[in-house]
Amino acid sequence: MQIGVETAKAVDQRRVFVVDEDEITRAALQFMLHDEIETHELATLEEAYEKGEGWLKPDVVMLGVSFLAARGPGLVSEINARFPGVRILIVCDKAQEATAVEGLKAGAHGAVVKPLTLEAVRKKVDTILGRRGAQPLVQLGMMA
């Protein structure tokens, strides 16, 4: 474990699926979170659905905005149907905020805007899981 990692968070049995087409983004998010939460990197939603069957259901899905761009905002309902009670965070950059806003309007719970930082990502996940160290879930310029 790294310095600054809260042991209570590392053992609270929570699970995050990072679903993004971009391998670098997946790896970065997994690296930022793995010390404090069980984190799985997945390149497609189909992989996530397969992995999430049975006992390995996620508490949070960090969803790359490219999936919303390709499949539309109805994708949020599809994920909620597959994983009842899951919290969805959309991962995007400034140029993709309009697509992220559509996902939020469709029921996603928050967004993480690139550039990604360790502190911001951990705080966002803590917030969505109701842990200490929370921060606002939506920080998109287009939501103002």
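Select Val 18 and then Glu 41: Val 18 stands opposite Glu 41, which belongs to strand S2. Keep in mind that this is a predicted model.

Select strand S3, residues 60–64. Here 4 bridges join S1 to S3, and these strands run parallel. Click on Val 16: its bridge partner in S3 is Val 60.

Stay on S1 and colour residues 15–19. Is this strand mostly covered or uncovered? It is mostly covered, with 5 of its 5 residues buried.

The structure holds 2 aromatic pairs. One of them is Phe 17 with Phe 83, an edge-to-face pair. A ring pair is described by the distance of the centres and the angle of the planes. For Phe 17 and Phe 83, the values are 6.1 Å centre to centre and 90° between the planes. Why does this pair tie together parts that are 66 residues apart in sequence? Phe 17 lies in strand S1, while Phe 83 lies in the loop between helix H5 (74–82) and strand S4 (87–92), so the pair links those two parts. Both Phe 17 and Phe 83 are buried.

Keep Phe 83 on screen and select Tyr 49. These two rings form a tilted pair, 5.9 Å centre to centre with 55° between the planes. Tyr 49 lies in helix H3 (residues 45–52) and Phe 83 in the loop between H5 and S4, so this pair ties together parts that are 34 residues apart in sequence. Tyr 49 is buried, and so is Phe 83.

Show Phe 17, Tyr 49 and Phe 83 together. Ring pairs link these three residues into a cluster.

Last stop: Arg 82. What does its charged end sit over? The charged end of Arg 82 sits over the ring of Tyr 49, 4.1 Å from the ring's centre.

Technical notes:
Residues are numbered from 1 along each chain as its sequence is written. This is a predicted model: local features need pLDDT of at least 70, side-chain atom pairs count only at pLDDT 80 or more; totals for chains, interfaces and linings use all residues. Side-chain values use heavy atoms; hydrogens and water are left out. Buried means under 20% relative accessible area, exposed over 50%, partly exposed in between (1.4 Å probe, protein chains only). Two strands pair if DSSP finds at least two bridges between them. Rings of Phe, Tyr and Trp (its six-membered ring) pair if their centres lie within 6.5 Å; planes under 30 degrees apart count as stacked, over 60 as edge-to-face and the rest as tilted. A charge sits over a ring if NZ of Lys or CZ of Arg is within 6 Å of the ring centre and within 35 degrees of the ring normal.
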